[in-house]
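User: I'm new to this structure and would like a close look at one part of it. Could you take me through it step by step?

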Amino acid sequence: MSEHDDPILKVLVEARKLVAQGWTQDADARDAGGFIVQFLSENATRYCLSGAVNRAARVSVLSNGNTFWGVTWDTAAKALDVLNNMARGWQDEADAVHYNDNPGTKQSDVLALFDFAINYRRSLL
């Protein structure tokens, strides 16, 4: 499988882009005013790690013509598994969501976790 054919890698890369554009804690997504919104909201401008992964999975999978929601959530779950494994081994956190929401975590830390997970996933292809 090539990098372009791996849906999990695509989701990780797209989710990283969302977090780079705007990041939040303790909510899947927030609008420009800081109010909590759904991660699929057109008003969402900042995403936590899991909100970004879920949004990226929906956009990525459904844009390929797949209308089965189970594929979307399965892809998101697998991408989160990669991030969870990285967070446990790299940062000694319970999982990636806890790492994102840890008061000491910064946006740059979450981006570094994404980079670590993306590089790991690429090494498997």
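Is Arg-121 buried or exposed?

Analyst: Happy to walk you through it. Please keep in mind that this is a predicted model. Let's begin with the setting. The protein has five helices and three strands, and from the N terminus on they follow the order α-β-β-β-α-α-α-α. Of its 125 residues, 44% are buried.

Now to your residue. Arg-121 belongs to helix H5, which covers residues 107–124. Arg-121 counts as buried because its relative accessible area is 17%, and the cut-off for buried is under 20%.

What does the side chain of Arg-121 meet there? Its partner is Asp-6: the two side chains form a salt bridge, with N to O at 2.8 Å. This pair ties together distant parts of the chain, since Arg-121 sits in helix H5 while Asp-6 lies in the segment before H1, 115 residues away. Asp-6 is buried, as is Arg-121. As a general point, side chains of opposite charge can pair when their charged atoms come close.

Helix H1 itself runs over residues 7–21 and spans 21 Å from its first C-alpha to its last, close to the 21 Å expected.

In general, nonpolar side chains of soluble globular proteins tend to be buried together.

For contrast, look at another charged pair. The whole structure contains five salt bridges, and one joins Glu-14 to Lys-17, whose closest N and O atoms are 3.1 Å apart. Both of these residues are in helix H1, three residues apart, or about one turn of the helix. Residues three or four places apart in an α-helix point the same way, because there are 3.6 residues a turn. Glu-14 is partly exposed, at 35% relative accessibility, and Lys-17 is partly exposed too, at 43%.

Methods. Residues numbered from 1 in each chain as written. Predicted model: local features only at pLDDT ≥ 70, side-chain atom pairs only at ≥ 80, totals over all residues. Heavy atoms only, no water. Helix = DSSP H or I, 4+ residues; strand = E, 2+ residues; numbered from the N terminus. Expected span 1.5 Å × (residues − 1). Buried < 20%, exposed > 50% of the residue type's maximum accessible area, 1.4 Å probe, protein only. Salt bridge = Lys/Arg side-chain N within 4 Å of Asp/Glu carboxyl O.
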